[in-house]
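Good morning, and thank you for making time for this presentation. Please have the sequence and the structure open as I speak.

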There are 2 protein chains.
Amino acid sequence: MPAISTTTPAAAPRVPDGGSASRQHTLRERNLRLVAAAVFEATAPPSRADVAAASGLTRATVSTLVDRLVAGGLVAELPPVAAQRAGRPAVPLVPAGRSVVGLGLEVNVDYLGVRALDLVGDVVAERVETGSLHDSDPREVLARLRALAAEAIAEVEAAGMRVAGARLALPGLVDARGARLEVAPNLGWSSLEPVPELDLRAGDGRALDVEVANEAKLAALAELAGDVPPSFLYVSGDVGVGAGIVVDRQLFLGERGWNGEIGHVVVDPSGPRCSCGASGCLEQYAGKEVLLRGSGLPTSAPVDAVVDLLRAGDVAALDTVRRGGRALGAALATFVNLVDVSTIVLGGAYVELYGWVGHVVAGVVEERALAAPFAPVDVRPAAAGKHAALTGGAREVLRSVVADPARWV
Amino acid sequence: MPAISTTTPAAAPRVPDGGSASRQHTLRERNLRLVAAAVFEATAPPSRADVAAASGLTRATVSTLVDRLVAGGLVAELPPVAAQRAGRPAVPLVPAGRSVVGLGLEVNVDYLGVRALDLVGDVVAERVETGSLHDSDPREVLARLRALAAEAIAEVEAAGMRVAGARLALPGLVDARGARLEVAPNLGWSSLEPVPELDLRAGDGRALDVEVANEAKLAALAELAGDVPPSFLYVSGDVGVGAGIVVDRQLFLGERGWNGEIGHVVVDPSGPRCSCGASGCLEQYAGKEVLLRGSGLPTSAPVDAVVDLLRAGDVAALDTVRRGGRALGAALATFVNLVDVSTIVLGGAYVELYGWVGHVVAGVVEERALAAPFAPVDVRPAAAGKHAALTGGAREVLRSVVADPARWV
């Protein structure tokens with residue numbers, strides 16, 4: 001996995017009206033950001049001279065700031081490379097591994113977990129527990145998550161790493177501030193501020209920065225580590241079906257962060273009743289439990305069990321998954337017509353099922369998306385692997401570190 | 001109507017790496033932009049001193065730049081107001097009326113037209129021709145539009161005004177660059193670059209800047225002149241049904257500008273066949289011609305005729321419009337769940353029909369939008385009046401003038 005980058009363009013820093021001391025301070029922070037960005041966004045490890053060229057700063061300024069980033073554990077130096085011309089050999093600069101880490105946390109309907117990523121993008125600790133969390137008690141579940149996270153934190157701190165903060169992924173409507181869960185229907189949770197309840201702390205007792213986000217949106221951001229176009233729709237297929245809209249490598253959040261609820265697109269108003277009160281929602285065709293049940297499996301079975309049946313040519317499984325794929329295609333065609341994105345990334349359970357749903361989805365979208373005749377829609381499986389929201393959450397923490405390195409060095 | 005403002009935040013200007021002369025030049029242009037913004041965004045007419053305070057520039061610089069904007073016809077001076085303290089009386093500055101104008105052009109399924117707006121927001125010329133343009137010849141129609149525009153241009157130029165450019169609204173998929181129409185199904189137009197065909201010129205033969213845009217999107221922007229929240233969905237009900245997504249007073253365009261195609265949200269897959277090839281699209285329930293036909297009227301009748309029938313309690317009209325309203329509500333609930341916007345503005349034919357469809361739409365949206373239980377969705381009629389895309393287009397031209405005044409003074 002490539003290193004964390006800061007390609008999300010930051011707003012131009014405003015110079016405050018304060019005294020010249022505070023202006024100096026702000027300028028130093030801005031320059032530190034520029035230098036960090038030059039190292040973290042480079043396609044090949046840059047030298048100090050390369051960073052000076054990329055940032056427009058003098059070599060002396062760059063050297064001081066690079067030294068600070070190296071001392072602070074954000075940037076590492078590779079062995080010097082012999083110079084092509086006379087002079088000192090260049091020292092290639094890279095993101096520092098096993099130094100600062102971000103935590104991704106998640107509570108979903110059938111698992112909870114934590115994943116710690118370092119600035120290189122390596123997983124340096126992970127804990128995942130499976131089991132149904134339908135209609136669970138948030139206090140109890142968040143206490144279990146705190147215990148898992150504490151193990152991961154102890155593990156990385158014992159190895160000399162620092163935890164920069166955490167993102168908690170939840171399968172529901174989360175506000176854009178990242179503080180409040182309005183409702184997570186499949187968990188049975190509502191009107192909750194999970195951060196104080198979670199009360200996550202570093203080994204020395206310091207409270208860690210935690211923000212909450214929708215799981216499909218964090219999973220979408222995990223894709224940015226791979227080879228994905230700058231704009232795409234990410235669909236997370238789990239018990240619920242959620243989506244994240246990425247335009248120019250940025251999450252589009254709508255007015256309050258509550259968008260992407262593709263699971264409740266009505267595919268057929270005469271279809272089965274949904275937990276949301278409507279009838280014929282996508283979740284009733286393409287949600288994980290519906291696919292398991294339709295295949296004659298218990299809802300606690302893993303998706304692999306459906307795949308086994310599909311491989312064996314089981315008619316019920318084939319019919320159920322095909323029907324789910326058609327419904328997903330119809331909902332996605334609507335999504336494409338309303339939002340206009342030309343790449344669809346199928347994540348969560350749809351990754352394992354891709355061989356059976358991919359072409360069905362692509363066919364329906366091609367038929368229904370108005371722009372498809374002159375600009376085909378690309379449908380592909382997600383690349384970020386299992387529990388992608390954990391990776392996306394950890395990456396978001398690290399992105400904020402690189403975007404404002406002065407807080408960490 | 002309030003004056004044109006530049007509340008759309010412009011990207012921070014990049015200082016080029018060129019020589020200090022070009023840097024000086026860029027700095028002057030930037031300062032001119034700041035001064036224009038301070039006048040056009042003020043809630044009350046500011047004095048030069050107010051502009052200096054708002055822009056952070058010195059009073060001498062501001063005075064020079066204001067003089068330039070006044071001489072160039074972008075800003076006007078009101079009679080001086082006696083100063084509260086000793087000193088020269090303050091001269092309030094306002095956008096200049098009847099000086100620089102923007103043109104909104106439109107070709108829709110049953111009319112074509114042009115509207116000229118000045119910087120105060122006044123309509124200073126207008127031509128609208130009605131008649132069916134279903135499956136029309138683009139060359140012929142654009143020639144008619146050119147003739148109408150030429151009349152309007154001659155009229156405003158005869159009154160001493162200057163035309164800054166034009167925006168052409170079309171009911172179809174237009175690329176984000178504003179050059180190419182991919183398809184306008186109800187016009188029967190496709191794969192077209194209308195700007196060279198239109199070949200719009202000022203009276204002195206100078207070619208005018210013209211950009212093409214989707215009509216619902218320009219109509220959405222027209223709402224920004226009124227008392228509308230910063231984020232909303234605008235739905236334009238005509239023969240087709242289109243939408244514009246405005247978030248923080250900015251159009252959200254998706255990846256290529258082809259979003260908002262709400263007319264082709266499938267409301268019921270067992271519904272009537274649509275021109276797009278799918279079945280049960282919103283247009284087949286809530287498009288203008290469907291509402292006219294269902295009310296027993298010819299498709300060439302005006303929407304007023306439906307309103308007359310509704311007032312008289314005609315059962316067919318009441319049923320048809322209620323059914324259309326329910327379908328519109330269902331499609332909008334999907335839109336709200338996918339995009340997250342809490343205000344819905346019903347435009348086009350839905351303004352006249354609002355008394356009959358408004359509460360129906362609001363009821364369905366309240367039932368189906370996941371966020372509605374804790375954050376009600378506001379459904380309201382559009383305020384920008386008839387042929388709003390003409391107004392929105394003209395405003396866009398003027399916004400670009402105020403955002404880059406150096407080109408015009």
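First, the conventions. This is a predicted model, in which local features need pLDDT of at least 70 and side-chain atom pairs count only at pLDDT 80 or more, while totals for chains, interfaces and linings use all residues. Residues are numbered from 1 along each chain as its sequence is written, chains are lettered from A and ligands numbered from 1 in the order in which they are written, and side-chain values use heavy atoms, with hydrogens and water left out.

Let us consider the interface. Contact here means heavy atoms within 4.5 Å. Chain B contributes 40 residues to it, and chain A contributes 40 residues. Together the chains bury about 3400 Å², of which 65% lies on carbon and sulfur atoms; buried area is the accessible area (1.4 Å probe) that two parts lose on being put together, summed over both. Which three residues supply more of the area that chain B buries against chain A than any other three? They are L338(B), D340(B) and L370(B), with 21% of that area.

On the side of chain B that touches chain A, the elements giving two or more residues are β8 (181-184), β12 (241-247) and α10 (315-339) of chain B. Helices (H or I, at least four residues) and strands (E, at least two) are DSSP runs, numbered from the N terminus. The largest share of that side, five residues, is from α10(B).

I now move to chain A. Five of its strands form an open sheet of mixed pairing, in the order β5-β4-β3-β6-β10; two strands pair if DSSP finds at least two bridges between them. At the edges stand β5 (123-130) and β10 (210-214) of chain A, each pairing on one side only.

Strand β4 (residues 111-118) of chain A runs antiparallel to β5(A), and seven bridges join them.

The whole structure holds 45 salt bridges over all chains. One of them is between R127(A) and E151(A), at 2.7 Å from N to O. Because R127(A) lies in strand β5 of chain A and E151(A) in helix α4 (residues 138-158) of chain A, the pair ties together parts that are 24 residues apart in sequence.

Finally, three strands of chain A form an open sheet with antiparallel pairing, in the order β7-β8-β9. Strands β7 (173-174) and β9 (189-192) of chain A each have a single partner strand, so one side of each is left without a neighbour in the sheet. Three bridges pair β8 (residues 181-184) of chain A with β9(A), and in β9(A) the partner of A184(A) is W189(A).

Notes:
A salt bridge is a side-chain nitrogen of Lys or Arg within 4 Å of a carboxyl oxygen of Asp or Glu.
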